[in-house]
Amino acid sequence: MIQLKTPHEGETVTLLRDEHLDYIARPSAFPAEKVDWLNLREGKTDTAFPRPVRFSFLPTVDGEITVRQKGTDERYTVKAVRGEAELYNLWAGVEYEWFVKVGEERSETRSFHTDSQPPRMLLVDGICNVRDFGGWATMDGKRIRQGLLYRTSEMDTHCELTPAGAEILYGLGIRTDLDIRGIKDEYRGPVLDQERVRWVNLPLAAYGAIDTEEQRSRYRESYDLLLNPESYPLMCHCWGGIDRTGCWFYILGAMLGVSKDDLDLDYELSSFCRWNRRSRYSEQFGEFLEVLLRYGKTVHEGAVGFLKSCGVSEAEMEDLRNFLLEDEKMK
């Protein structure tokens with residue numbers, strides 16, 4: 001008889017590592033050094049990936065574990081070795097059911113929940129700093145939908161996406177690779193199969209360098225992608241997925257209504273990847289906020305004003321809110 005051990009029935013399982021949870025509870029107040037976002041330096045061990053959900057059962061034999069999201073057709077099957085297995089990249093804030101098969105014998109079915117604390121970090125072999133932008137709450141009681149927008153590092157040059165990593169991205173259903181590299185002849189090019197994923201290159205800057213006519217035009221083009229439902233799921237990346245990508249997502253999140261504290265936190269969580277620390281108190285980040293505050297009294301008003309200066313209308317922004325946001329209950 002197969003005896004299920006962990007996760008326990010009805011248990012809530014966290015998908016974030018202890019260091020992530022500690023930082024979320026107590027963000028650091030120390031400024032980071034100025035960085036050259038076109039010439040990043042590796043400076044630390046990469047821990048920007050999630051905690052796996054660990055499964056165990058008795059007897060300690062090999063078997064097959066099936067995990068399915070309750071009420072949907074989404075399911076995962078993993079091989080268990082000696083009664084144990086790990087599974088990464090589950091959705092946050094949802095209920096799962098699981099059972100085990102050993103030969104022809106099948107166990108009972110149990111359920112567990114994943115914690116809803118954003119961000120939903122992902123483990124993708126060969127690249128780093130991968131996370132779902134979904135899950136962040138807005139100030140009016142909504143939440144960004146999971147599974148539509150992903151931020152990552154680049155997939156070549158300084159990182160090398162493996163075939164196994166590519167399969168994970170295909171499994172996420174990625175349809176658009178928004179590559180925002182290309183400033184000052186920086187290398188950029190498609191990595192994923194272009195028959196499956198559309199590659200779009202829009203060279204963007206970071207921090208105080210975003211407020212130029214050329215950059216505003218490119219921001220407008222990026223929002224043309226966002227306004228097309230066929231673009232989703234969409235992933236956006238620069239080199240490290242930190243500076244240019246961080247500013248792009250910060251503006252989008254502010255427009256959607258995410259609080260400044262959460263936007264600052266999401267920006268700083270990239271500090272767990274290999275390319276050194278980022279801080280809301282840095283001089284560069286201050287220059288970025290100065291840009292937004294030219295267009296409004298708060299970061300929310302400033303993001304809206306900046307996007308209007310890029311040619312994105314209020315009606316288009318409302319369309320994005322209607323598409324990207326859901327009631328606060330997770331996915």
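This is a predicted model: local features need pLDDT of at least 70, side-chain atom pairs count only at pLDDT 80 or more; totals for chains, interfaces and linings use all residues.
As background, nonpolar side chains in soluble globular proteins tend to be buried together.

Setting aside neighbours within four places in sequence, Tyr 223 is in contact with Trp 248, Ile 251, Leu 252, Met 255, Leu 307, Val 312 and Leu 320.

Now move to Ser 56, a residue of strand β3, which covers residues 53-58. Is Ser 56 buried or exposed? Its relative accessibility is 11%, and because the cut-off for buried is under 20%, Ser 56 counts as buried. The side chain of Ser 56 makes a polar contact with the side chain of Thr 6, at 2.6 Å. Beyond residues up to four places away in sequence, Ser 56 touches Leu 4, Lys 5, Thr 6, Gly 83, Glu 84 and Trp 98.

Thr 6 leads us on to the backbone. The peptide bond from Thr 6 to Pro 7 is cis, with omega near 0°. Pro 7 sits in the loop between β1 (3-6) and β2 (11-13). Where else does a cis peptide bond turn up? One joins Pro 118 and Pro 119, with omega about 5°, and Pro 119 belongs to the loop between β9 (110-114) and β10 (120-122). For context, most peptide bonds are trans, and most residues other than glycine have a negative phi.

Arg 82 is not a glycine, yet has a positive phi of about 55°. Arg 82 is located in the loop between β5 (75-80) and β6 (84-87), and its relative accessible area of 64% makes it exposed. Asp 185, also not a glycine, has a positive phi of about 60°. You will find Asp 185 in the loop between β14 (176-179) and β15 (198-201), where it is exposed, with a relative accessible area of 75%.

Note on methods. Residues are numbered from 1 along each chain as its sequence is written. Side-chain values use heavy atoms; hydrogens and water are left out. Helices (H or I, at least four residues) and strands (E, at least two) are DSSP runs, numbered from the N terminus. Buried means under 20% relative accessible area, exposed over 50%, partly exposed in between (1.4 Å probe, protein chains only). A polar contact is a pair of N or O atoms within 3.5 Å; within protein, one must be able to donate a hydrogen and the other to accept it, and residues adjacent in sequence count only if both atoms are side-chain atoms. Contact means heavy atoms within 4.5 Å.
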